[in-house]
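Me: I'd like to go through this structure with you, piece by piece. Can you take questions as they come?

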Amino acid sequence: IMIPVTEFRQFSEQQPAFRVLKPWWDVFTDYLSVIMLMIGVFGCTLQVMQDKIICLPQRTSSPSENTSEVEVRSLLHPQSNISAVPREMKGRKTDLDLQQYLFINQMCYEKALHWYAKYFPYLVLIHTLIFMVCSNFWFKFPGSSSKIEHFISMLGKCFDSPWTTRALSEVSGENPEEKDHKKSGTNRSNIAVSPGEGSLERTQSLRSIPEKIVVDKPSASVLDKKEGEQAKALFEKVKKFRLHVEEGDILYLMYVRQTVFKVFKFLLIIGYNSSLVNQVRNSVSCEVEIQDMTGYKNFKCNHTMAHLFSKLSYCYLCLVAVYGLTSLYTSYWLFYRSLKEYSFEYVRQETGINDIPDVKNDFAFMLHMIDQYDPLYSKRFAVFLSEVSENKLKQLNLNHEWTTEKLRQRLQINANNRIELQLFMLSGLPDTVFELTELQSLKLEIINNVTIPTSISQLEDLQELSLYQCSLKLHTTATSFLKENLKVLRVKFDDNRELPNWMYSLRNLEELFLTGSLSPDASKNVVLESLREMKCLKTLSIKSNLTKIPQSIVDVSSHLQRLYLHNDGTKLVMLNNLKKMSNLIELELVRCDLERIPHAIFSLTNLQELDLKENNLRSIEEIISFQHLRKLICLKLWHNGIMYIPEHIKKLGSLERLYFSYNKIEILPSHLFLCNKLRYLDVSNNDIRFIPPEIGVLQSLQYFSVTCNKIENLPDELFFCKKLKTLKLGKNSLSILSPKISYLALLTHLELKGNHFELLPQELGCCRALKRSGLIVEETLFETLPSDVRDQMKAE
C-alpha cells in the first residue's frame with residue numbers, strides 16, 4: 001500500500017495566515033522538502049512492492065573445487081560418465097527450488113547488500129521530515145507561536161482597517177489646495193507633512209501608489225463609529241503587544257537556531273551521502289553456507305532497485321545541495337544584517353507621519369520577515385505605532401460622538417452672564433466646538449493632550465477660557481487669536497510646570513484665576529513668570545501655597561484692582577509689597593495663617609472690600625487704622641478666633657457690610673451700631689447672649705443674622721429697622737416673638753427654627769412680602785398661626 005503524501009501535510013503546511021512570516025527562502029526550501037519527501041516515499045514504496053534482490057549460483061573456476069564437485073556428482077550419479085574435463089556443476093535436486101532461492105535472496109539481501117543501498121529511501125524520508133519539522137518549529141513552539149499568532153492577527157486587522165487607508169490618504173492623496181490649507185492650518189495633533197513628501201509623491205514610488213488609488217474612493221474619508229472604535233482598540237493592542245514583544249528575542253533566537261541546525265544537517269547529509277552513493281551497485285557477490293542443500297556456495301546477485309536508487313540518490317544530493325545553499329544564504333542574512341532593530345525612516349518620509357518610532361528585538365525581527373513577504377504590510381502596520389495617528393483617530397471619534405447639535409444642547413449661561421460650554425473628562429477636544437460661533441466661554445476639565453487649532457478664530461465672541469487639570473498646547477494662530485480676544489482665564493493645575501507658557505502673553509486679559517501648587521518647598525522662591533505683558537489685568541486670583549507675594553504680582557500692581565490670595569494654611573509673610581498696589585479695590589487674604597491685620601493694608605486708600613477669612617486673628621485692635629480707608633464698605637473677618645469687637649469700630653463710618661460670623665464673640669458692643677450705614681450685618685455662630693437696643697439706629701439695615709448664638713430676648717428696637725428684608729434668628733434660646741414684627745413690612749426671609757417658641761404672633765400676617773418658602777420654622781409652629789395668615793403666606 002502506498003503512503004499518501006497528505007499524511008505528512010501537518011509537517012509542511014501552516015495556517016494560511018502564517019505565510020506572511022515565510023520569506024522566499026523558506027517557501028523555496030518547503031518546495032524542495034516536498035520533492036525530497038516524494039523521492040523518499042517513492043523509494044520506500046518500491047522497496048516494499050518489488051523484489052529486492054535476485055541471486056543465481058556462481059560458476060566456480062578453481063580445479064580443486066571442480067574435482068570435489070565431480071566427486072560429489074559421481075557419488076550421487078554413479079551411472080554418469082566420469083570425465084577429467086571440468087564441466088558445469090549442477091545443484092542438488094531437492095524439489096524446493098522456489099523456497100531455497102527465496103531463502104538465498106533474503107540471506108544475500110541481509111548479508112551482502114551495503115546498508116546504504118538497503119536503507120537509502122528511509123534515510124531520505126527521515127532527513128526530509130526533520131527538515132520539515134525544523135523549518136516550521138518556531139510556528140509550533142509555545143513561547144514563539146503565541147507571539148506569532150497575535151502578531152499575524154493584528155497585522156491582518158491593521159492592514160484591512162479603514163483607518164489605515166484614511167491616515168495614509170490624508171498625507172499621500174490630497175489635492176494641492178487641500179495640502180496648502182493643511183500646511184497653513186495644521187496643528188501639533190494633526191499628522192505633520194514631512195519636507196520630503198512632495199518629491200516622494202512626484203516619483204510615484206511603488207509603495208505609495210496603492211494608497212493613492214484607494215483615496216479616490218468616497219468611503220476613504222468616512223469612518224463610521226464602529227470602525228473608529230475598532231481602530232481605537234487596535235491602537236491599544238499594538239501598544240501593549242509592542243511592550244510585551246520588545247522585551248525579548250526568543251523568536252529571533254529560535255529562527256537562528258533552526259537555520260543553523262539546517263546548515264549543520266545539510267553538511268552532514270552531503271558528507272556521508274557523497275562518500276556512500278557509489279555503494280549502490282547492480283551486481284553483488286554473495287557467499288552463503290548452503291552447499292549441503294543446494295550444492296552451491298557462491299552466488300551472483302542482482303540488486304533490482306540499484307539503477308533507480310543510484311539516480312534517485314544523485315538527484316537527492318543535488319536537492320540537498322540547493323537546500324543547503326539556501327540555508328547558508330539565510331544564515332548570512334541573519335548574521336550580516338541587524339535584525340534586532342527596525343527603522344521606519346522610509347515610511348516616515350513617504351507617509352509624512354513623523355512620529356512612528358523605531359522598534360527592536362522580536363518586534364523588529366518580525367517586521368524584517370514581513371518585509372520579505374510584502375513591505376506594504378509594515379507600512380500600513382506602522383500607522384498604528386504613531387501617537388499622532390492615534391490622536392488623529394481619537395479626534396475623528398470625538399467629532400463623530402460630539403456633534404454640533406449635541407454640544408449646542410449643553411450650552412448654558414455662567415455666573416458672568418456668558419454663554420458657556422463645559423466639557424468634562426473627554427479624550428480630547430472635538431473640532432465641532434469651533435462651529436459654535438455664539439460661544440463666549442469654554443470650560444475644559446481633566447482633558448489631556450489638547451491642542452487648540454487655528455479654527456478657534458471662528459469663535460469671534462469667545463472671551464472666557466477655563467482649564468481645569470488640562471495639558472493644553474496652542475497653534476501659533478490660535479495664540480494670536482487668544483492674545484486679542486481673551487478677557488478671562490482660569491487655570492487649575494497640579495504642578496506649576498503645567499502652567500501654559502502662552503498664558504503670560506495674553507495682553508488683553510482682564511481676569512486671571514490660578515489654582516494649584518506653585519512652590520512645593522516653602523523655602524524655594526515661587527515659580528511664576530512675569531505678568532508684565534498683561535497690561536489690562538484688573539483681577540488676579542491665586543489659590544496656592546505662597547509664602548510671600550511673588551514679584552510677578554508686583555509687576556501688575558499699578559493697574560491691578562482685585563487681588564485674591566487663597567493659601568492652603570501656609571503662612572504668608574513679607575506683605576510689604578501690598579503697599580505698591582495703590583489701585584486695589586478688593587483684597588482677599590484667605591487661610592494665610594495671619595495673626596494680625598497686615599499694616600500694608602492701611603496704605604490701600606482705594607480699598608472698598610477686605611476679606612480676611614479663615615486666618616488666626618484673635619485681636620483686631622489695629623482696626624482703628626481702617627479709618628484712613630475712606631472707601632471701605634465691606635469688611636469680612638469671619639472664620640477667625642476674634643474674642644471681642646473693639647470700640648474703634650465706630651470710626652469706620654463708611655462700612656455697609658460687616659461679617660463677624662464664626663468667631664468667639666460674647667458681647668455685641670453698642671458702639672458697633674454707630675456704623676449707621678450698615679446694610680448687612682452677620683454675627684452668626686458666636687457666643688452672643690444679648691442684642692443691645694442701640695441696634696435700632698441702623699435704619700439702613702437690610703440683612704441681620706444672629707443664628708447659632710445664645711440669645712434669649714430680642715429688643716423692640718430691632719423692629720424699628722424697617723428696611724430689614726432678611727432676619728435670621730434660628731438656633732437660639734428665644735421663647736417669645738414680639739408682635740412688633742409687623743413693623744417689618746419688607747421682610748421676605750425670616751428664620752426662627754431651633755428656638756423655644758410656643759406660638760407665632762398673628763401680626764406676622766402684616767409682613768405682606770413674607771411667604772411660606774421664606775419662613776423657616778417648624779411645621780407645628782407654623783400651624784399656630786391663624787388660618788387666614790397661613791393661607792396668605794402659602795399663596796405665592
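**A loop residue to start**

Reply: Phe720 sits in the loop between β21 (703-705) and β22 (726-728). Helices (H or I, at least four residues) and strands (E, at least two) are DSSP runs, numbered from the N terminus. This is a predicted model, in which local features need pLDDT of at least 70, side-chain atom pairs count only at pLDDT 80 or more, and totals for chains, interfaces and linings use all residues. Residues are numbered from 1 along each chain as its sequence is written, and side-chain values use heavy atoms, with hydrogens and water left out.

Me: What does Phe720 touch, not counting residues up to four places away in sequence?

Reply: Phe720 touches Gln699 and Tyr743, with those sequence neighbours set aside. Contact means heavy atoms within 4.5 Å. Phe720 and Lys740 are 8.8 Å apart, C-alpha to C-alpha, and 20 residues apart in sequence.

Me: And what is the relative accessible area of Phe720?

Reply: The value for Phe720 is 35%, so Phe720 is partly exposed. Buried means under 20% relative accessible area, exposed over 50%, and partly exposed in between (1.4 Å probe, protein chains only).

Me: Zoom out. How many helices and strands are in the protein?

Reply: The protein has 24 helices and 24 strands. Of its 796 residues, 50% are buried. Among contacts with a separation of 6 or more, 55% are between residues 24 or more positions apart. The accessible surface comes to about 38600 Å², and 53% of it belongs to carbon and sulfur atoms. Accessible areas come from the Shrake-Rupley method with a 1.4 Å probe, and for residues only the protein chains shown count as cover.

Me: Which residues touch the most other members in the largest nonpolar core?

Reply: Leu489, Ile601, Phe626 and Phe704 do, out of 127 residues in that core. Helix α21 (residues 476-485) gives the core its largest share, 3 residues. A nonpolar core is a set of buried Ala, Val, Leu, Ile, Met, Phe, Trp, Tyr and Cys residues joined through side-chain atoms within 4.5 Å. There is a second, separate core of 35 residues, which includes Tyr109, Leu113, Ala117 and Cys301.

Me: What is Leu489 in contact with, leaving aside neighbours within four places in sequence?

Reply: The contacts of Leu489 include Leu465, Leu467, Trp502, Met503, Leu506 and Phe513. Glu511 is also one of them.

Me: Now β8. Is that strand mostly covered or uncovered?

Reply: Strand β8 (residues 441-445) is mostly covered, with 5 of its 5 residues buried. Ser441, Lys443 and Glu445 point one way from β8, Leu442 and Leu444 point the other way, and all are buried.

Me: Which strands pair with β8?

Reply: Strand β7 (residues 419-424) runs parallel to β8 and is joined to it by 5 bridges. Strand β10 (residues 464-468) also pairs with β8 in the parallel sense, over 5 bridges. Two strands pair if DSSP finds at least two bridges between them. Leu423 has Leu444 in β8 as its bridge partner, and Ser441 stands opposite Glu464 in β10.

Me: What salt bridge does Glu464 form?

Reply: Glu464 forms a salt bridge with Arg418, and the closest N and O atoms are 2.7 Å apart. The two are 46 residues apart and link distant parts of the chain, with Glu464 in strand β10 and Arg418 in the loop between β6 (412-413) and β7. A salt bridge is a side-chain nitrogen of Lys or Arg within 4 Å of a carboxyl oxygen of Asp or Glu. By this rule the count comes to 14. Arg418, Glu464 and Arg490 are linked in a network of salt bridges.

Me: Are Glu464 and Arg418 buried or exposed?

Reply: Glu464 counts as buried at 2% relative accessibility, and Arg418 is buried with a relative accessible area of 15%.

Me: Where do Glu656 and Arg679 lie?

Reply: The side chains of Glu656 and Arg679 meet in a salt bridge (2.9 Å, N to O). Glu656 lies in the loop between β18 (634-636) and β19 (657-659) and Arg679 in the loop between β19 and β20 (680-682), so the pair ties together parts that are 23 residues apart in sequence. Glu656 is partly exposed at 22%, and Arg679 counts as partly exposed at 32%.
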